[in-house]
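Here's a quick briefing to read alongside the model. Have the viewer open and follow along.

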Amino acid sequence: LRYSLIRVRENAESIAFFKGGGSEWLRFQDFYNDFLATARQSILLNQCFTTFLHSSALATFAVGPLTVGPLYLRGEAEFGDITMASMAFNNVLTGLSFFIQRFDDFAELAVHARRVQGL
């Protein structure tokens, strides 16, 4: 998008002389629509990750008792196993949240890697 705008600015005389404003406008609209689609997709993906992270954080309180609770009531598990299951789920959630919170950094790294690969 920025490249397109700079190119139009640098070649404004030629574009005006050859009456290419219409085609340049269409090219700009294509670039801008691609930009908007990418931004919307990024926002939607980020919102999904955030929703998952917050709902999982709320589920942390229920996962241990719901998974190990029936075993405890049947006498197949000790009371401390409920706490251990809750802590294990919390550790998994913490690991996932690290990647979700750093998603933008990973995406930026992927973009830089593609640019280097293109050289």
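Predicted model: local features only at pLDDT ≥ 70, side-chain atom pairs only at ≥ 80, totals over all residues.

**Overall picture**

Numbering runs from 1 along each chain as its sequence is written, and side-chain values use heavy atoms, with hydrogens and water left out.

**Fold and shape**

- The chain has five helices and zero strands, where helices are DSSP runs of H or I with at least four residues, strands are E runs of at least two, and numbering starts at the N terminus.
- Its radius of gyration is 26 Å, well over the 14 Å that the globule rule gives for 119 residues, so the chain is more spread out than a compact globule; the radius is taken over C-alpha atoms, and the rule is 2.2 Å times the number of residues to the power 0.38.
- Along the principal axes, the C-alpha atoms fill a box of roughly 85 × 30 × 15 Å.
- Contacts are heavy atoms within 4.5 Å; among those between residues at least 6 apart in sequence, 51% join residues at least 24 apart.

- The whole structure holds three aromatic pairs, counting rings of Phe, Tyr and Trp (its six-membered ring) with centres within 6.5 Å; planes under 30 degrees apart are stacked, over 60 edge-to-face, and the rest tilted.
- Phe28 and Tyr32 are a stacked pair because their ring centres are 5.9 Å apart and their planes sit at 20°.
- Tyr32 and Phe35 have centres 6.2 Å apart and planes at 35°, so that pair is tilted.
- Phe28, Tyr32 and Phe35 make up one aromatic cluster.
- Tyr32 is partly exposed at 35% relative accessible area, and Phe35 is partly exposed at 44%.
- Phe31 also sits in helix H3 (residues 21-73); its C-alpha atom is 32 Å from that of Phe52, 21 residues apart along the chain.

**Surface**

- Accessible surface for the chain is about 9,700 Å², 65% of it from carbon and sulfur atoms, by the Shrake-Rupley method with a 1.4 Å probe; for residues, only the protein chains shown count as cover.
- Helix H4 (79-101) and helix H5 (103-118) each supply at least two residues of a nonpolar patch.
- Phe106, in helix H5, is partly exposed, with a relative accessible area of 39%.

Technical notes. Buried < 20%, exposed > 50% of the residue type's maximum accessible area, 1.4 Å probe, protein only.
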